[in-house]
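Here are some friendly notes to read alongside the model. Please keep the structure open as you go through the points.

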Amino acid sequence: MLTKSKILATIVKANASMILKQGSLLVTWAYATKRAAKFGSAQVAAHQVALSFWMVFAYILDAVSVSAQILLSKARTRKSLDEMRSVTKYMTSVAAMQGLFIALIIAGLAPYVPSFFTTDEAVISQLKILLPVLSMQQVLISLTFVTEALAAGGSQFALLGVGTALSAFAAITLMANATSVLEIWTRGILAMFLGRFAAAGIGVLNVNGLLPKFKSTFIRKGKAHKQG
């Protein structure tokens, strides 16, 4: 039976992990902009335009994450490994497909976006380099968002918080040695999402009973529940 103290402890733990996660992301994006400013007005302007353009599609990609979290949470409540694995497989497929779809949209818009935002040839030149990079990252970004949502649906909050913090540290370390805005996106930002995807992936494997320790615990609890 859940007591008020247990509920409060769960809320505090989840909130602390999410604060660590979101705080790490904010610091990473802020540092990326700080580094971009070191490379001159044209590159920092291109970075800001690319980031704004990226955010529009990030919100679209993140929308399906809500469904992923709810579906996984419901399946977990019913203690059905088969259902959890089915939800994970389906939502991962959806994430990959929507990521590819958005990537194609960005690739199609890339020739027209620079001149829409600016008439500065130096900025346009930088954007023509950055936008194809943004396009190629969309599948990874989509998979990361949905995988994190699945992990959250399985209450893997601490792993998400710590994983994002470590990813942010790796990204900032790489960006500190970047010599251009292109390297900020192809090294630092890419590293951040790869790290987040890996951490969330571990959480999803754990929730789905695919890590030995968790699987035995899950089965043991399930048997005890049936016996009771």
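1. Let's start with a helix pair. On the H2 side, Gln 43, Val 44, His 47, Ala 50, Leu 51, Trp 54, Leu 72 and Arg 76 meet Val 181, Trp 185, Phe 193 and Val 207 of H7; contact here means heavy atoms within 4.5 Å. By class, the residues of this contact of H2 with H7 are nine nonpolar, two polar and one charged. Nonpolar covers Ala, Val, Leu, Ile, Met, Phe, Trp, Tyr, Cys and Pro, charged covers Asp, Glu, Lys and Arg, and the others, Gly among them, are polar.

2. Before going on, a word on the source: this is a predicted model, in which local features need pLDDT of at least 70 and side-chain atom pairs count only at pLDDT 80 or more, while totals for chains, interfaces and linings use all residues. Residues are numbered from 1 along each chain as its sequence is written, and side-chain values use heavy atoms, with hydrogens and water left out.

3. How do the two helices lie? The axes of H2 (residues 41-77) and H7 (residues 181-207) come within 13 Å and cross at roughly 5°, which makes H2 roughly parallel to H7. Axes are lines fitted to C-alpha atoms, for helices over the stretch in contact, with angles from 0 to 180 degrees between N-to-C directions. Angles under 35 degrees count as roughly parallel, over 145 as roughly antiparallel, 65 to 115 as roughly perpendicular and the rest as oblique.

4. On the overall fold, the protein chain has eight helices and zero strands. Helices (H or I, at least four residues) and strands (E, at least two) are DSSP runs, numbered from the N terminus. The C-alpha atoms fill a box of roughly 70 × 30 × 30 Å along the principal axes. Of the contacts with a separation of 6 or more, 82% join residues 24 or more positions apart. Buried residues make up 45% of the 228 in the chain, where buried means under 20% relative accessible area, exposed over 50% and partly exposed in between (1.4 Å probe, protein chains only).

5. Do look at H5 (residues 121-153). Its 33 residues reach 46 Å from first C-alpha to last, close to the 48 Å expected at 1.5 Å a residue; the expected span is 1.5 Å times one less than the number of residues. H5 bends by about 40° at Gln 138, the bend being the angle between axes fitted to the seven residues ending there and the seven starting there. Since 25 of its 33 residues are buried, H5 is largely enclosed by the rest of the structure.

6. Gln 69 is in H2 and is partly exposed, with a relative accessible area of 33%. Beyond its neighbours within four places in sequence, Gln 69 contacts Ala 149, Ala 152 and Gly 153.

7. Is Ser 180 buried or exposed? Ser 180, in the loop between H6 and H7, is buried, with a relative accessible area of 16%. Leaving aside neighbours within four places, Ser 180 touches Phe 39 and Gln 43.

8. Two loop residues deserve a backbone check. Lys 79, between H2 and H3, has a positive phi near 55° without being a glycine. Ser 155, in the loop between H5 and H6, also is not a glycine and has a positive phi of about 65°.
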